[in-house]
Amino acid sequence: PVPSISWKRSDGNPLAKKIEHNKTKGVLEIPDVQQEDEGSYECIAGNTRGRNIARGQLFVYALPEWDKKIQNAFLSLYDSLFWECKAKGKPSPSYTWLKNGQPLMSEERIQIENGTLIIPMLNMSDSGLYQCVAENKYDTIYANAELRVI
């Protein structure tokens with residue numbers, strides 16, 4: 001006999017209300033996939049002769065997206081600069097910094113840790129266009145800001 005088909009999450013959580021499934025064709029459709037949709041799903045087919053289960057794993061990945069961007073700063077000589085940028089994404093983005101298009105590295109005067117750039121005592125040569133770069137394997141995004149030391 002033609003089997004009846006049902007779907008469930010392997011972790012025991014109920015299927016989200018937005019999920020549509022066609023019992024005759026065995027199709028499970030998840031519109032507007034979100035992080036919480038990630039997990040294991042089971043398709044159960046059964047009739048009077050028995051039942052069979054097919055399992056699948058859904059992974060949800062996301063491009064980087066800014067939570068916090070750097071803003072232009074106009075500071076005095078010897079002031080300190082603290083810039084922080086944050087991005088979300090899956091896998092979590094990694095950060096790099098550029099000054100006037102060139103890679104910026106931690107050194108004696110400049111502290112870089114992930115999305116944070118700190119220059120404790122500014123001098124005139126610190127003026128320029130800075131970029132915080134967030135990237136994962138799906139995309140790269142840039143936040144730009146000018147630092148002008150007066």
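Is lysine 8 buried, partly exposed or exposed? Select Lys8 and take a look: lysine 8 is partly exposed, with a relative accessible area of 41%. Here, buried means under 20% relative accessible area, exposed means over 50%, and partly exposed is in between (1.4 Å probe, protein chains only).

Before you click on, remember that this is a predicted model, where local features need pLDDT of at least 70, side-chain atom pairs count only at pLDDT 80 or more, and totals for chains, interfaces and linings use all residues. Residues are numbered from 1 along each chain as its sequence is written, and side-chain values use heavy atoms, with hydrogens and water left out.

**Stop 1: a salt bridge**

Lysine 8 sits in strand 1 (residues 4-9) and glutamate 42 in strand 4 (residues 39-47), 34 residues apart. Strands (E, at least two residues) and helices (H or I, at least four) are DSSP runs, numbered from the N terminus. Glutamate 42 is buried, at 8% relative accessible area.

**Stop 2: another pair**

Now pick Glu38 and Lys90, whose side chains meet in a salt bridge of 2.8 Å, N to O. Glutamate 38 is in the loop between strand 3 (27-29) and strand 4, while lysine 90 is in strand 9 (residues 86-90), 52 residues away. Glutamate 38 is partly exposed at 24%, and lysine 90 is partly exposed at 26%.

**Stop 3: the core**

Next, select Trp66, Trp83 and Leu117. They have the most contacts inside the largest nonpolar core, which has 22 residues. Such a core is a set of buried Ala, Val, Leu, Ile, Met, Phe, Trp, Tyr and Cys residues joined through side-chain atoms within 4.5 Å. Strand 15 (139-149) is one of the strands supplying at least two residues, and strand 15 gives the most, with five. Around leucine 117, show its contacts (heavy atoms within 4.5 Å); beyond neighbours within four places in sequence, they include Trp97, Ile110 and Tyr130.

**Stop 4: two domains**

Finally, colour domain 1 (4-58) and domain 2 (62-149), whose bounds come from an automatic or database domain assignment. Their C-alpha centres lie 44 Å apart.

Technical notes: Salt bridge = Lys/Arg side-chain N within 4 Å of Asp/Glu carboxyl O.
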